[in-house]
Amino acid sequence: MVTALCAVAVVLLGACGTRVAGDTGEATSTESIPWTLAQPSAVTAAQLADDRRTLTLTARVPDGKHLCVRAFKAAFTEASQKTVWVQVTFSSPSGDRRSGCTGERKASTRVRLPEPLGSRELVVDNYTQFTADGAKLPALRLCGRLGCHPAPTGCTTASYEQALIAADAPAHTYRDAEHCDGKWLVLDFSWRTGPVCGDTTATPSGCTSRLGDRWFFRAEPAGWKPITTSAAGGCGAVQHVEPAFPTALCGGLAPLSSSLHPSYAPPSASASSSQLP
């Protein structure tokens, strides 16, 4: 009888797993959680060894109480006359929050290129760029969203694109008007909104309805820096924030069309009361 009771106890305990009262749901090391191939959330630094071929890459990878990263490595993938591509990967259970791998830490890995990097740009995981141009070797210079050699700040198309990024303009934004003297900039832009473009039942169509904005900028070494935004005409809004903004650029500005800034009246009291139980 004692032997039988012990056997039953072992079976029950085995069925309960390894969790105890008060368990928060974090997986234990005995639970089966899939490990999947992943890329780091960011590659933050790159160093070039004296041979100009060996790269040390630093990235942010998952971290937690238990082991969160395996097979962390960098691999050369492709090269052209101007660019070298490298991919950083690892295996991790962090896709399942039960793994406890909800934090991050820095980790480094090395890769040896088939030939010296030279003057070519390094692209890691298709979106992070580094260059030796202007860098303090052995560290390579991390490039920004506009690439390793952004256009000088000025009254140019490339510079206006930088201003849109600085203003966090939505995707597919297009410029309506620019007023620029090289040091100050007014930029009007708009973007499509509303129903799905092509929906013939929508009124108005998503292809024609849009929203718009007007931003004012100051030129700085890193590019156009936003000062303020306003749909009003004239200089009042910008000169309230930046008195030095030249009247020649803002004095003749007309208010943005109200169609670009639709407003909706609040529901009437009668309508609200009629919906009460």
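Is the disulfide of cysteine 235 and cysteine 250 left-handed or right-handed? The torsion about its S-S bond is about 105 degrees, so this disulfide is right-handed. The legends below start with the whole chain and return to this pair at the end.

The model is predicted, so local features need pLDDT of at least 70 and side-chain atom pairs count only at pLDDT 80 or more, while totals for chains, interfaces and linings use all residues. Residues are numbered from 1 along each chain as its sequence is written, and side-chain values use heavy atoms, with hydrogens and water left out.

**View 1. The whole chain.** Welcome to a protein chain with five helices and 13 strands; helices (H or I, at least four residues) and strands (E, at least two) are DSSP runs, numbered from the N terminus. Of its 277 residues, 32% count as buried, where buried means under 20% relative accessible area, exposed over 50% and partly exposed in between (1.4 Å probe, protein chains only).

**View 2. The largest nonpolar core.** This core has 24 residues. A nonpolar core is a set of buried Ala, Val, Leu, Ile, Met, Phe, Trp, Tyr and Cys residues joined through side-chain atoms within 4.5 Å. Leu55, Leu57, Phe72, Val86, Leu122 and Leu140 have the most contacts inside the core. Strands β2, β3, β4, β5, β6 and β7 each supply at least two of its residues. Look also for a second, separate core of eleven residues, including Tyr160 and Trp224. In soluble globular proteins, nonpolar side chains tend to be buried together.

**View 3. Strand β5 and its partners.** Seven of the ten residues of β5 are buried. Strands pair if DSSP finds at least two bridges between them. β5 runs antiparallel to β1, with three bridges, and Ala38 stands opposite Phe90. β4 and β5 are also antiparallel, over seven bridges, and a hairpin of three residues joins them. Here Lys73 has Thr89 as its bridge partner. With β7, by contrast, β5 runs parallel over four bridges, and Val86 is partnered by Val124.

View 4. Ser99 lies in the loop between β5 and β6 and is buried, with a relative accessible area of 7%. Its side chain reaches the backbone oxygen of Pro93 at 3.2 Å, a polar contact (a pair of N or O atoms within 3.5 Å; within protein, one must be able to donate a hydrogen and the other to accept it, and residues adjacent in sequence count only if both atoms are side-chain atoms). The backbone nitrogen of Cys101 lies 3.2 Å from a polar atom of the Ser99 side chain. Cys101 is joined to Cys68 by a disulfide, S to S 2.1 Å, a disulfide being a pair of cysteine sulfur atoms within 2.5 Å. The two cysteines are 33 residues apart, with Cys68 in the loop between β3 and β4.

**View 5. Two further disulfides.** A search of the whole structure finds four disulfides. Cys155 and Cys180 form one of them, their sulfur atoms 2.0 Å apart. Its torsion is about -80 degrees, so it is left-handed. Cys155 is partly exposed at 39%, and Cys180 is partly exposed at 22%. In the pair from the opening question, the sulfur atoms of Cys235 and Cys250 are 1.9 Å apart. Cys235 lies in the loop between β13 and α3 and Cys250 in helix α4, so the pair ties together parts that are 15 residues apart in sequence. Cys250 is buried, with a relative accessible area of 0%.
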